Amino acid sequence: MPEALVNPPTEQKAIIVALAGNPNSGKTTVFNALTKLRQKVGNYSGVTVEKKLGRIIYADNREIDVLDLPGTYSLDVRSPDEKVARDVLLGQMRNTPRPDIVICVVDATNLERNLYLFSQIQDLGLPVIIYLNMMDEVEKQGKKIDVIKLSQSLHAPVIEGVAIHGKGIEELKNMISLAIAPADRRLWRMPEQVESRIEQLMILLWREEGMAKSDTFSEAIILLSKEERVLKEMLKGRPKVIDCVRGIQTDLTEWGINWRSVAIESRYDWLSKVLKGVVLEKSGKKEITVTDRIDAIVTHKIWGWLIFFGLMALMFYSIFTFATIPMDWIDSFFSLLSGWVKQWMPPGDVRDLVTGGVIAGVGAVVIFLPQILILFFFIGLLQDTGYMARAAFIMDRLMSKAGLHGKSFIPMLSSFACAIPGVMAARAIESPKDRLTTILVAPLMSCSARLPVYTIIIAVLIPGAIAWQKAGIMLGLYLAGIIGAFAMAWVFKKTLLRSETPVFIMELPPYRWPPFKDVMLHMWERALIFLRRAGTVIFALSIILWGLMTYPKHDHLDPGEALKHSFAGQAGLLIEPVIKPLGFDWRVGIGLIGSFAAREVFVSTMNIVFNIENEGEGDHLREAFQNATWPDGRALFTPLSCISLMIFFVFAMQCISTVAVVRRETNSWKWPLFQIFYMTGLAYVISLLVYQGGLLLGFH
């Protein structure tokens with residue numbers, strides 16, 4: 001057993017275990033394997049970075065909390081995610097205790113780069129367990145790792161594993177339950193001149209700044225590599241530390257030592273010595289891997305694009321094909337529920353509120369849950385197989401034309417599911433201007449909240465359309481969002497956020513068969529979020545909108561006229577002159593007003609509007625749209641007005657939650673307000689051009 005282990009503790013106490021690791025190291029799979037379904041997701045206090053906390057329960061009912069830190073390549077902070085990981089490990093994150101043990105999940109196929117993070121965590125004086133993940137990939141590469149020698153060299157326990165198959169997880173759980181001592185000394189060294197000068201800075205940080213001794217080295221190394229502008233920003237009001245760092249940098253420059261990279265080079269020199277004799281090549285000729293063979297096709301300049309669009313088309317075809325039956329079940333359930341309420345409740349406003357407001361509003365959104373689950377299934381599949389990184393690589397050729405690089409495409413692709421995680425994923429982008437540009441354009445990617453709107457309008461646009469026709473239109477809408485995002489990114493990079501196009505450097509992880517449990521767990525989490533939203537936001541808005549569409553009451557008027565004289569009807573009539581050139585009337589205006597809280601509210605609002613107009617007859621919304629007319633008898637939802645409406649939803653900013661997240665990510669109201677203004681203006685202008693241009697060309 002490694003010397004880092006001592007006897008198990010005799011006293012029971014709450015233990016916090018943190019999972020750390022590089023992106024694509026399999027950290028989330030390890031977290032899921034350790035905690036099963038005993039997880040909760042929230043945000044770290046004061047920031048929008050997602051906080052995943054789980055629990056290990058042992059056979060003797062002992063419990064250990066596990067915290068899944070954001071993926072990071074190092075503790076030298078370059079993005080908000082990396083800052084959160086570092087602050088948690090230093091015990092500086094509010095309402096999050098410093099971990100007692102850290103599990104460093106390491107991609108065994110890339111030991112040197114992954115162990116760089118391990119050495120930084122070990123420098124903090126924290127006990128570390130190394131979980132060598134993807135050992136099966138090492139075997140396929142014709143290599144062998146001497147785990148015992150590695151453990152002895154690093155003074156830390158090392159466990160071999162294949163997380164997606166659960167290999168090594170039980171050993172890891174057993175190791176966590178033991179008391180693990182941190183390495184008693186730092187294992188790597190820099191040139192002697194650097195070490196002596198760093199010691200002076202550490203003493204200053206300890207005595208003058210009140211830092212813990214165990215944290216001073218890590219802080220000193222980070223400060224040493226910073227330029228003067230960054231130092232001043234990091235060390236506001238700390239002139240002694242700034243002067244000390246500048247003095248060290250000056251001395252090192254005179255001695256011919258590069259203070260920017262000396263720590264990095266020294267650490268990698270040590271790691272290369274450690275790994276000599278640890279990674280062994282098996283005899284025989286190295287074969288071309290499956291990943292290499294697949295990449296030759298999927299990253300090809302022609303085949304790569306065809307595969308990308310083929311996968312997108314398959315996703316939308318599946319959404320319209322496989323979701324049909326469960327959607328019919330949900331529709332039947334809400335119809336039966338509405339009928340049951342009408343049967344057992346006496347007529348009156350309360351019954352109308354329940355059937356025409358709550359059930360009609362919430363049911364109109366929940367019915368699209370199967371489609372949204374299929375979308376999340378495909379997004380999870382693309383991420384877990386490793387294809388998402390290839391998509392970013394393919395898109396880099398196009399992204400560079402907009403002044404961005406492929407790394408920006410991952411937040412944008414994530415926005416297909418929801419703009420909120422897409423905006424948050426932009427933290428991985430090092431350049432502040434590129435990060436802000438990505439945040440500003442990410443909501444232009446069609447998220448799952450737009451699916452209900454697209455689905456119902458496509459059904460009105462082409463009654464009786466087959467799945468491939470629907471998928472084709474849906475793909476066109478998604479492409480419109482992508483093109484719009486690229487165009488606006490180009491505009492921002494040439495004007496407000498002018499900067500050089502960054503060099504694209506990104507790791508392409510090996511292809512892996514996705515852990516089915518992880519994909520299903522991801523779908524389950526997102527389903528709960530969607531249902532919670534339907535049960536809270538949509539529920540509350542449905543009640544409010546029903547009240548606004550019902551009062552003040554005009555019992556002497558027919559339902560359509562009464563709706564027109566309601567509070568909501570008056571608001572719709574107020575904006576009708578503005579939206580009429582787009583092909584929309586005051587009833588659509590009511591839906592647009594509600595949709596600025598959340599896009600999917602448009603469907604529930606329209607369901608309530610036409611339920612009231614048709615005296616609660618329970619007509620399907622698609623049929624109600626097809627029968628809706630202008631006062632002169634012309635059809636309201638013509639093919640041209642349907643296209644105009646879908647175009648508006650492609651480009652408009654209609655999500656209060658996203659606005660709130662952008663506010664927190666940018667730490668300013670300036671950018672979210674600008675985002676609302678430019679996206680709404682863009683949606684209006686493009687819809688106007690489409691509708692009026694179509695009329696001029698003789699379309700209806």
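A contact here means heavy atoms within 4.5 Å. Helices (H or I, at least four residues) and strands (E, at least two) are DSSP runs, numbered from the N terminus.

The model is predicted, so local features need pLDDT of at least 70 and side-chain atom pairs count only at pLDDT 80 or more, whereas totals for chains, interfaces and linings use all residues. Residues are numbered from 1 along each chain as its sequence is written, and side-chain values use heavy atoms, with hydrogens and water left out.

**Confidence**

Colour the protein chain by pLDDT, the predictor's confidence in each residue, from 0 to 100. The chain averages 81, and 89% of the residues score at least 70. Strand S2 (residues 39-43) has the lowest confidence, with a mean of 61, and helix H29 (residues 639-651) the highest, at 95. Next, select residues 1-12: pLDDT stays under 50 there, and the model has 20 contacts beyond four places in sequence for this stretch. In residues 615-619 the pLDDT is also below 50, with six contacts beyond near neighbours in sequence. Where pLDDT is low, the predicted coordinates should not be read in detail.

**Helices H26 and H29**

Select H26 (residues 586-595) together with H29; their axes come within 13 Å and cross at roughly 15°. Axes are lines fitted to C-alpha atoms, for helices over the stretch in contact, and angles run from 0 to 180 degrees between N-to-C directions. The two helices are therefore roughly parallel to each other (angles under 35 degrees; over 145 counts as roughly antiparallel, 65 to 115 as roughly perpendicular and the rest as oblique). Show the side chains of Val 588, Leu 592 and Ser 595 in H26, which meet Leu 645, Phe 648 and Phe 649 in H29. The residues of this contact comprise five nonpolar, one polar and no charged. Nonpolar covers Ala, Val, Leu, Ile, Met, Phe, Trp, Tyr, Cys and Pro; charged covers Asp, Glu, Lys and Arg; the others, Gly among them, are polar.

**Helices H7 and H10**

Move to H7 (residues 192-207) and H10 (residues 239-254), whose axes come within 10 Å and cross at roughly 180°. That makes H7 roughly antiparallel to H10. Among the residues that meet are Arg 197 and Leu 201 in H7, and Lys 240, Cys 244 and Asp 251 in H10. By class, this contact has nine nonpolar, one polar and three charged residues.
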